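Trainee: Before we look, could you take me through this structure slowly, and tell me each time how a term is being used?
Mentor: Gladly; ask as we go.

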Amino acid sequence: MAENSSTQLIDTPRLTSLSHGGGCGCKIAPDVLSKLMSNMPQGKAFPNLLVGNETADDAAVYKLNDQQALIATTDFFMPIVDDPYDFGRIAATNALSDIYAMGGTPAMALALVAMPINVLPHEQIAEILKGGADVCHQAGIPVSGGHSIDSVEPIYGLAAMGTVHPERIKRNSSAQVGDVLILSKGIGIGIFSAALKKNALSEAAYQLMINSTTQLNTPGAKLGPLDSVHAMTDVTGFGLLGHSSEIARASGVELSIDVAKVPFLEGARELAQQGFITGASGRNWHAISDYIDLADSLTEVDRALLTDPQTSGGLLLAVSPDAVDEVLALFESEGFALATVIGEVTQSTDTPKVIVT
C-alpha cells in the first residue's frame, strides 16, 4: 500500500501542467468574444431583465418584484496554482465576485466540475471541491448541487446566484463626469501565475497571491445601497485597462488613470521585467488598444502590467468625490489594504477612451 501511494504521488502531474492556460487568463479575448456573441438576441423583449449582455457587465439581473432582483452569473477556469484546495478557493472567490460587483449578496451556488478523472487522484479532485465549498461557507451560502463531466483539462467554478434591490444595482454603465476611480486590490496576479508555472515564484509571493485571490469582494454588497457609488465592476481576465475601458464605453465617458497611483502587488513589476508575462496580456492589448491612450513615457512593462489578466481581482468603482473617504474607510475596515484612488472620470464623449499617464 505504501509503495503504491508513493508511486501515485510521484506520477501525479502538477495541476497547472494539465492546462494550456490558467485562471482568468483562460478567457476568450474580448474582441473575439464580441464577434462570437454578435448574433445573440438582446434582452429587450424581456422587460424584467434589468441587466443582460449589452454592456458586458459582470452578471445578469432579473427583476422578481419591486423589492427583489435575482443576480445570476457563472465563472470557471483551469488551474492557476498546483495546490488543489487553493485552486478551489480561488475559483469560488472569483465566481462570487460577480455577485458583489453588482452590489448584491450571494444566495447559493452550483459547482461546475470538469476533471481528467483517470489522471488526477480522486483525493485531489475532492480537495478542489472542498476549497470551493469552504469559500461559499465563508460567504454564508451553500453549494447546493452542480454538474460534473470527465474532461481532458481540469476545470472548476461555480454558477452563482444572489439578490439585490432592483434600484440598488451597480452597473458598469453609470459612471459620471467628475467621479473618482477607486481600485480595491493590487494588480499582478497573471504575472505571478506565469512565474509560478516556471517555478520562479517565491513562497512569500505565492502567499501574497493566495491572500489576494481568496479575499472575497464582500464590500460590494455594502456599496450597493450607496447612491454615491455610481458604477462598479471587478477586474479579472481582461486586465485593468480592459475592464476600465468597458466602463468608459458602457458609460460614454473618458477615464483618466495615473499609473503611479495603481497598486501593484509587491514584486510584480520585477517579475514582468524578467519576462514573466502571460499571452493573455498581449491578446487583451490587441483587443482594446483602440480605446486606450498610453503616455509616451510608459514602457512595455507598464503596458503588460495594465493588461495583465487578474484572477479574482479587486473591485473598480466610479464614486462621487464627496464619498471617497467613506468608501476607502469601508475597504480598510474589511482588510483591503491596497484600496486606493487611481484616477477620475473626465468627460462625456462619443469616443470613449481610457487615458493613462
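**Reading a predicted model**

Mentor: R14 forms a salt bridge with D82, and the closest N and O atoms of the pair are 2.8 Å apart. This is a predicted model, in which local features need pLDDT of at least 70 and side-chain atom pairs count only at pLDDT 80 or more, while totals for chains, interfaces and linings use all residues. Residues are numbered from 1 along each chain as its sequence is written, and side-chain values use heavy atoms, with hydrogens and water left out.

Trainee: Why is the pair R14 and D82 called a salt bridge?
Mentor: The term asks for a side-chain nitrogen of Lys or Arg within 4 Å of a carboxyl oxygen of Asp or Glu. The closest N and O atoms of R14 and D82 are 2.8 Å apart, so the pair meets that rule. The structure holds nine salt bridges.

Trainee: What makes the pair of R14 and D82 tie parts together?
Mentor: R14 lies in the loop between α1 (2-11) and α2, whereas D82 lies in the loop between β3 (69-77) and α3, so the pair links parts that are 68 residues apart in sequence. Helices (H or I, at least four residues) and strands (E, at least two) are DSSP runs, numbered from the N terminus.

Trainee: How do you know where domain 1 and domain 2 are?
Mentor: The bounds come from an automatic or database domain assignment, which gives domain 1 as 15-164 and domain 2 as 179-356. Their C-alpha centres lie 20 Å apart, and the contact (heavy atoms within 4.5 Å) takes 37 residues from domain 1 and 37 residues from domain 2.

Trainee: What is meant by the area buried between domain 1 and domain 2?
Mentor: Buried area is the accessible area (1.4 Å probe) that two parts lose on being put together, summed over both. For domain 1 and domain 2 that area is about 2,700 Å², with carbon and sulfur atoms giving 60%.

Trainee: Which helices supply the side of domain 1 that touches domain 2?
Mentor: α2 (30-36), α3 (84-101) and α4 (122-139) each supply at least two residues of that side, and the largest share, ten residues, comes from α3.

Trainee: Where is M161 found, and what is it in contact with?
Mentor: M161 is found in strand β6, residues 155-164. Leaving aside neighbours within four places in sequence, M161 is in contact with residues including L70, I71 and I99. The C-alpha atoms of M161 and T74 are separated by 8.7 Å, although these residues are 87 residues apart along the chain.
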